[in-house]
Amino acid sequence: MTLADAERRLPASARWRRAVSNGRVSAVLILLPPALILFTMFVTLPLGESAWYSFFNWNGYGTPSNFVGFGNYERILNHSVFHIAVGNTLKIVAISLLVQMPLALFLALLIYKKTPTNAVFRLVFFLPYILAEVAAGLIWSFVFDGNYGVTASIAQSFGLGNVFILSDPDLAFMAIMTVIVWKYFGFHMMIYIAALQSVPQDQIEAARIEGASRWQVVRYVQIPHIRPAIAVSAFFAIIGALQVFDVIIPLTNGGPSNQTHTIVTYLYTFGLTRLNIGFGSAVGVILFIGAVTVAVFYQRIFMKRAEA
Amino acid sequence: MKYPTAALAAAIALASGPAALAQTQINVLRVVVNPEQEAYLEQIARDFEAQRDGVTVTFDYVANEAYKARLPTLLQSNAAPDIFYSWGGQTVVEQVEAGFLQPIDDHLPEGFRETIPEAGLQAYEVEGQLYGLPQYATEVVLWANRELTEQAGIDLDAIQTWDDFLGAVQTIKDAGITPIIAGGQDKWPLHFYWSYLALRHGGPDIVTNAMAGENGGFENEAFIEAGREFLRLVELEPFQPGFISTTYETASGMFADGAGAFHLMGDWDYLPMRERSTSGEGLPDEQLAIISFPTVAEPLAEGGNEATLGGINGWAVSASAEPEAIEFLAFMMSAENQREAGAQELFIPIAIDTSDAMENPFYVQVARNIEASSYHQIFLDQFLGASVGATINDISADLAQGTITPEDAAAQVEEAWDFR
């Protein structure tokens with residue numbers, strides 16, 4: 001029986017007296033309000049406000065007065081660009097789970113051991129993640145430039161002529177996904193490295209002695225041990241994919257022909273820059289509901305199983 | 001160093017209580033300008049302060065996109081500027097409807113209205129009341145690289161109609177030269193084509209009629225015809241490769257580097273395009289020419305061929321501003337200050353008979369064009385407000401890539417207008 005269990009058995013009044021006397025109540029009274037106030041002011045209130053605005057056709061001037069009910073939601077759900085944006089966001093989720101995470105795991109397995117060379121590689125692979133998103137987007141927009149970019153020189157050396165990747169509706173989003181994988185695989189790799197380092201060495205050795213191949217050690221010892229880390233990393237990948245914004249703006253700004261929007265760039269382009277605040281708020285609410293649903297279900301299903 | 005002094009003065013004025021209440025502080029907010037223009041505005045502020053005891057004028061500058069995003073919030077706060085930069089048109093209407101602006105007619109000096117052309121004032125008028133003043137006008141023109149057009153055997157003076165222009169584009173392309181440079185990623189450089197063609201076909205009233213919902217609104221035949229004419233150009237593949245991922249800044253530098261024969265852009269690009277060129281020098285004046293946007297041979301309505309497209313940029317006065325702010329605005333717009341701006345080649349002044357101090361041949365030509373114009377239409381992406389404007393930019397980019405029909409394009413604009 002732990003101390004916490006013992007405490008729980010005390011009657012409420014006794015628990016309260018003890019909490020006051022050992023300073024817990026004053027700690028709560030001092031420490032909770034700042035966080036609570038900040039959270040209310042910058043998270044809860046804005047959430048409520050956007051939910052309210054989403055029922056108005058409002059351009060941001062004065063107070064909203066043109067009530068349109070679910071009109072904004074209706075327009076969003078019928079908007080072809082929104083369909084593209086949702087499709088693109090799902091594509092990013094897929095590429096994150098199916099390409100980025102295996103790549104990160106593969107690299108993590110290569111360099112998780114603590115050696116000086118591995119430290120260098122870890123730093124190199126982690127660098128893209130440190131770089132500011134907008135800067136990364138700008139750098140890649142030069143790489144993809146059809147006249148002077150690296151891809152242009154490669155294409156020319158194969159005699160393909162100038163290729164304008166970001167101008168091509170089909171290629172542009174592939175380019176964006178490449179940048180996203182490049183930008184964030186280092187983050188997932190670091191999660192795996194930390195987890196891999198805590199896998200008990202004796203189990204790995206035992207498996208080796210039993211004659212397990214390298215792949216079998218990975219498959220039957222290391223991966224089962226780091227499953228909680230994989231669950232967390234997949235969670236970050238999905239939530240991150242729902243929020244992709246700053247890489248896209250400098251790369252394509254959602255173009256050509258609005259083919260490369262994600263939900264967030266869609267919100268920004270059609271809500272904020274066009275001063276359709278009500279419309280933008282409705283997109284925000286939809287995105288919020290999507291993110292919360294994913295978060296809750298993910299926690300319920302995968303995180304639980306990972307713990308078990 | 002002037003700004004901290006003014007701020008200090010304001011702080012002292014506030015701190016010293018009732019005795020200093022005679023102090024009036026005028027805050028002016030503007031989109032970022034180049035150092036020459038900033039010096040010009042600061043000088044006007046100091047001149048005004050010298051004339052008026054107890055008045056201080058402070059200019060603040062914000063980057064373009066940030067300015068547009070911050071203004072609605074700022075105007076609702078206690079920190080609302082007294083005078084702020086404005087592009088006129090629908091945005092002013094929306095600001096008036098929200099009660100953020102004040103009518104300024106009663107506070108303007110006697111006879112002041114007559115110094116500004118009526119077309120300029122209209123951009124800041126809502127239901128007969130004046131809420132701001134225009135400062136300068138710009139025109140969208142076809143910049144041409146003479147060396148390249150001569151190389152292709154094109155006579156620029158012979159380009160009068162849209163068909164002439166399409167012919168010239170084909171000839172230039174056949175000569176192995178890129179006919180047109182365009183900054184397609186920003187989309188608005190492409191909306192000039194659609195707007196100009198709609199104006200040419202539909203006549204001066206086409207946009208105001210469409211806003212009133214007359215003759216099919218934005219689905220009027222003139223807008224559809226504009227899309228068709230634009231597609232005729234697009235079919236010639238006139239733009240540089242990858243134009244849709246080229247920004248306006250890059251495009252302007254490319255034109256100044258001699259990468260293409262034409263660039264449809266405002267007169268304001270004259271100095272910036274040089275700065276953006278690889279050499280920093282750009283094209284020499286004698287190699288540069290501007291021609292008016294081509295006319296259409298069989299317009300659907302009269303008067304559009306003599307119209308111009310461009311901007312009427314100026315200032316709006318917020319509801320909380322003191323009368324002194326309006327006096328300052330009138331002072332800033334005085335004939336003397338306007339003439340000075342022309343002499344310094346900062347912009348083409350809008351006040352009547354003040355462009356005589358300009359020497360730059362391109363500015364002089366644009367000033368003449370605007371004076372001779374039957375109607376000066378403000379850029380549609382600003383005139384119609386942020387939402388409808390962005391839709392027009394979208395459909396223009398789609399038309400330039402041939403991914404949309406002229407009918408769909410017009411329908412999208414009409415839908416955006418209905419839902420604005």
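Biologist: Into which domains is chain B divided?

Modeller: First, this is a predicted model: local features need pLDDT of at least 70, side-chain atom pairs count only at pLDDT 80 or more, and totals for chains, interfaces and linings use all residues. Residues are numbered from 1 along each chain as its sequence is written, with chains lettered from A and ligands numbered from 1 in the order in which they are written. The domain bounds come from an automatic or database domain assignment, and for chain B they give domain 1 (23-138 + 311-372) and domain 2 (139-309 + 380-418).

Biologist: How many residues does each domain of chain B put into the contact?

Modeller: The centres of the two domains of chain B, taken over C-alpha atoms, are 28 Å apart. Two residues are in contact if their C-beta atoms, placed from the backbone, lie within 7 Å. Domain 1 of chain B gives 13 residues, and domain 2 of chain B gives 13 residues.

Biologist: And which element supplies the largest share of the domain 1 side?

Modeller: Elements here are DSSP runs numbered from the N terminus, with helices being H or I of at least four residues and strands being E of at least two. On the side of domain 1 of chain B that touches domain 2 of chain B, H4 and helix H15 (361-372) of chain B each supply at least two residues. The largest share, six residues, comes from H15(B).

Biologist: Now to the two chains. Which helix gives the most to the side of chain B that touches chain A?

Modeller: The contact takes 21 residues from chain B and 21 residues from chain A. On the chain B side, helix H3 (64-75), helix H4 (90-97) and helix H17 (385-400) of chain B give two or more residues. The one that gives the most, with six residues, is H17(B).

Biologist: Which residues of H2(B) are buried?

Modeller: Helix H2 (residues 35-51) of chain B has 17 residues. A residue is buried if 20 or more other C-beta atoms lie within 10 Å of its own, exposed if 12 or fewer, and partly exposed in between, with C-beta atoms placed from the backbone. In H2(B), the buried ones are Ile44(B), Ala45(B) and Phe48(B).

Biologist: Why do they sit on the same side of H2(B)?

Modeller: The arc is that of the directions from the helix axis to the C-beta atoms. They lie on the same side of H2(B) because they cover an arc of only 100°.

Biologist: Which elements cover them?

Modeller: Turned away from the buried side is a face of H2(B) with the exposed residues Pro35(B), Arg46(B) and Ala50(B). The cover over the buried residues of H2(B) includes strand S2 (55-62), helix H13 (323-332) and helix H14 (335-343) of chain B.

Biologist: Over to chain A: what radius of gyration does chain A have?

Modeller: Chain A has 15 helices and zero strands, and its C-alpha atoms fill a box of roughly 75 × 70 × 30 Å along the principal axes. The radius of gyration is taken over C-alpha atoms, and the globule rule is 2.2 Å times the number of residues to the power 0.38. A compact globule of 308 residues would come out near 19 Å, but chain A has 25 Å.

Biologist: Which residues does Val68(A) touch, beyond those up to four places away in sequence?

Modeller: Val68(A) lies in the loop between helix H3 (24-53) and helix H4 (71-78) of chain A. Val68(A) counts as partly exposed because there are 19 C-beta neighbours inside 10 Å. Leaving out residues up to four places away in sequence, Val68(A) touches Phe55(A), Phe56(A) and Asn57(A).

Terms used. Expected span 1.5 Å × (residues − 1).
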